[in-house]
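Where does the main pocket of this model sit, and what lines it? The report below takes up the pocket, then the sheet.

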Amino acid sequence: MFWRTLNERNPNRVALRLALHRRRLTQVLSAAAVPAPQHRRFFLFPVSRTQKLGRFSSALHLRWLLGTDPEAQPRKKPETSKLLVMDHHLASDSPQVRPRWRKVAYGGMQPGFDDNHTDESFLEGMVMNANVVRRDMLKVMLDSVSISEYLCIVALVVLVWTYTLESTIDESRLLCIDVSLLVLGFLILLFTQEKISLSILVHHYFLNISFFIMGLYVLAPIYQTLTRSISSDSIWALTVSLLVIHLFLHDYSESTVNAPGALKNPALTSCISVNASVVASVFIASRLPSRLHVFAIMLFSLQVFLFGPLVTYCIKKYSFRLHLCFSISLMVVTLRFVYMLHCLLFVLLLSLLVFVNVVCPYWLIRIQEYKFEINGPWDEAKLCFAITD
Amino acid sequence: MDRKKHRIMMVSDFFYPNFGGVENHIYYLSQCLLKLGHKVVVVTHAYENRSGVRYMTGGLKVYYVPWRPFVMQNSFPTLFPSLPIIRTILIRERITIVHGHQAFSTLCHEALMHSRTMGYRVVFTDHSLYGFSDAGSIHMNKVLQFTLADVSQAICVSHTSKENTVLRSGLPPEKVFVIPNAVDTAMFKPAVVQPSRSEIVIVVISRLVYRKGADLLVEVIPDVCRLHPNVRFIVGGDGPKRVRLEEMREKHSLQDRVEMLGAVPHAQVRSVLISGHIFLNSSLTEAFCIAILEAASCGLLTVSTRVGGVPEVLPDDMIILAEPDPGDMVLAIERAISMLPKVDPQVMHHRMRELYNWHDVAKRTEIVYDRALKCPNQNLLERLSRYLYCGVWAGKLFFLVMIVDFLFWRLLELWQPAEDIEEMPDLTLPHISNKETLQETE
């Protein structure tokens with residue numbers, strides 16, 4: 001390990017270059033980043049695009065820029081100790097054999113070494129960027145398609161709500177939409193889940209859904225009169241904020257409502273998002289004139305919010321291509337309907353989709369270059385077993 | 001060689017009447033420095049009724065500044081209002097060096113900041129390991145960068161801790177000294193009559209929290225009890241995970257083989273230790289484990305997890321290391337049980353007396369103080385430019401904070417001049433003049 005000054009343009013600056021040739025290195029990062037002169041920053045060197053991803057060991061250069069340090073000990077100190085050792089090897093008649101420095105804390109001061117002696121094995125156990133995933137622009141854009149797909153689903157739901165509140169759609173058409181969505185959802189589930197047979201479908205899903213629909217129908221009068229005393233403005237404001245919370249906290253990678261046989265419990269944030277969407281649906285439903293309206297819109301909203309993610313998750317798991325086609329057609333359909341509704345909303349939705357699909361992946365890839373994850377013997381140990389309370 | 005005598009102010013949120021690693025370190029180090037002829041003053045916050053100035057053994061003066069602890073024994077982080085009282089103490093006691101302890105202590109950071117503003121030399125000792133990636137650690141590391149941007153010297157308690165501190169704060173490694181803790185071997189002596197080896201007793205004394213590996217204990221104890229019918233456990237300590245241990249006892253019907261003592265007061269730790277043969281430490285992270293030293297001083301063989309600075313603490317024949325995995329720990333305990341006949345507690349105790357000694361720690365700290373005093377004292381502009389390198393926005397913020405601190409200090413100099421603060425005369429206590437005889441009998 002050697003220390004030397006780097007930046008001759010500014011003689012007041014002292015740069016530490018740490019050259020590590022270690023067995024447990026993880027990634028090759030080749031040089032290029034030029035530091036801004038005023039700021040102390042840790043940075044890595046971005047990978048050249050031609051290099052293969054994966055882990056292989058090589059020299060890793062870490063540049064730290066520090067401020068002036070005139071009272072630092074003269075950096076001869078590590079070299080003097082090296083010189084002493086070299087002298088020991090060169091001088092044939094020197095009787096003193098200085099013992100090697102050991103990384104131990106017992107026994108007091110080690111003879112021949114100061115307490116601030118920095119050995120060559122300093123930071124030997126440091127592992128950098130062990131868990132960092134190297135991302136490809138195309139892959140990130142394809143992954144962001146699931147986010148924009150869900151945004152379009154929510155936009156469609158809001159569309160249906162708007163049309164229902166304006167009485168453009170009447171209750172019978174809404175009920176038709178509900179039934180067709182249900183049937184479509186079942187067909188997709190049947191098609192995409194190989195493990196599922198018709199009997200499981202009937203027992204598990206069909207019965208539960210029928211109970212659910214009956215319960216909704218019975219409770220529809222309650223929803224109708226729930227928010228009668230609240231003014232409409234508050235309702236619209238609350239609904240918009242709840243939908244924003246729902247979109248923020250939604251679990252885009254998996255489905256909160258699980259297929260039978262799922263392993264993990266849903267996280268807290270995804271439960272909050274489901275609740276937010278349900279409450280938003282209830283608020284909207286309470287503004288409608290008749291019981292049948294309320295039942296139809298509640299059924300529609302809950303179908304989409306509770307079972308929509310499950311369906312899209314099954315499609316994604318079954319075939320990525322199908323998922324991609326489905327998402328793109330959904331986006332096109334949504335944009336067309338929103339355009340028919342209002343021009344400004346169309347522009348907003350389009351810019352949001354472009355932001356999510358193009359701008360965000362690019363931004364992520366750009367700042368990923370500066371990722372600097374340090375692991376070493378000082379880390380808290382992770383338990384390899386689950387704690388069952 | 002007649003060394004210059006320093007006047008040291010130790011500052012930290014953690015001190016007596018609390019017991020812990022940092023508290024004991026400050027106390028023992030102060031006592032040994034007093035014996036070497038230096039003057040030591042400790043500054044900490046008030047504990048319940050204990051507020052004001054107290055004197056401890058050997059003339060150690062402790063200022064319990066009347067602030068209440070805010071969260072987790074730390075005082076409330078007020079940036080500038082602590083300047084007047086710190087300034088008064090520094091001038092009154094004619095301090096030459098300020099020594100702060102523990103990165104988690106807000107009082108330490110503030111005192112170091114004010115001392116640097118006033119031009120005193122500053123030494124910082126870090127006692128713990130921290131990570132880099134969670135929100136709490138990121139903030140703590142930023143605050144540490146601020147404090148250590150302008151520190152004279154730094155001390156760490158183990159080599160792993162030095163690597164961790166250097167990475168977190170960006171200090172040059174030559175500025176960091178490694179001076180480990182030690183143990184009071186006079187207090188931790190092995191039992192005169194050894195407990196019988198027909199039944200092997202494994203002792204665990206720790207806070208029962210996640211960090212100290214209480215979940216590992218829950219997995220390890222039933223396995224060991226099953227494999228070795230002659231092994232008994234004594235678990236001392238309290239904490240949120242105690243419930244899990246009690247449940248484990250009930251589930252495997254180990255009530256007669258696992259004894260839970262609850263919280264053990266510091267004075268009784270020795271009596272619990274000498275009733276056992278093996279000491280088990282299962283922590284998930286440790287910069288330097290003093291509990292292991294206490295156990296080794298009492299003649300117990302140690303089994304510990306290989307984390308942090310623990311591999312550096314004891315030689316290989318006094319400790320058996322295992323990965324923090326229940327299977328590996330059970331194997332390590334088996335090895336310890338097989339090694340037990342070759343272990344002689346008195347021999348181990350005598351070896352510990354050679355290996356760890358608080359007077360040695362004090363002498364090495366004295367070298368650090370001498371080195372700190374040799375550092376040139378820079379003028380304000382040069383010092384301020386170091387803070388700018390702490391980050392894009394943070395650097396400018398720290399710069400502003402130090403400027404305001406400097407202006408406040410100047411205001412105080414006008415308003416409450418240093419000449420008006422009465423300086424404390426040195427009290428020579430009778431036993432200090434007999435320090436030669438005391439050192440001989442040590």
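The largest pocket lies between domain 1 (7-182 + 359-420) and domain 2 (200-355) of chain B, because both give residues to its lining. Domain bounds come from an automatic or database assignment. A pocket here is an open set of points on a 1 Å grid over the protein atoms alone, where a 1.4 Å probe fits, with protein on both sides within 12 Å along at least five of seven lines; lining residues have an atom within 4 Å of a point.

This is a predicted model: local features need pLDDT of at least 70, side-chain atom pairs count only at pLDDT 80 or more, and totals for chains, interfaces and linings use all residues. Residues are numbered from 1 along each chain as its sequence is written, chains are lettered from A in the order written, and side-chain values use heavy atoms.

## Lining

The lining of the largest pocket holds 48 residues; Phe19(B), Gly20(B), Gly21(B), Arg207(B) and Lys212(B) lie nearest the centre. Helix α1(B) supplies the largest share, 4 residues. Helices (H or I, at least four residues) and strands (E, at least two) are DSSP runs.

In chain B, 8 strands form an open, mixed sheet in the order β3-β4-β2-β1-β7-β8-β9-β10. Strands pair if DSSP finds at least two bridges between them. β3 (52-56) and β10 (176-178) of chain B stand at the edges, each with a single partner strand, so one side of each lacks a neighbour in the sheet.

Strands β1 (residues 7-11) and β2 (residues 39-45) of chain B run parallel, joined by 5 bridges. Ile8(B) stands opposite Val40(B) in β2(B).
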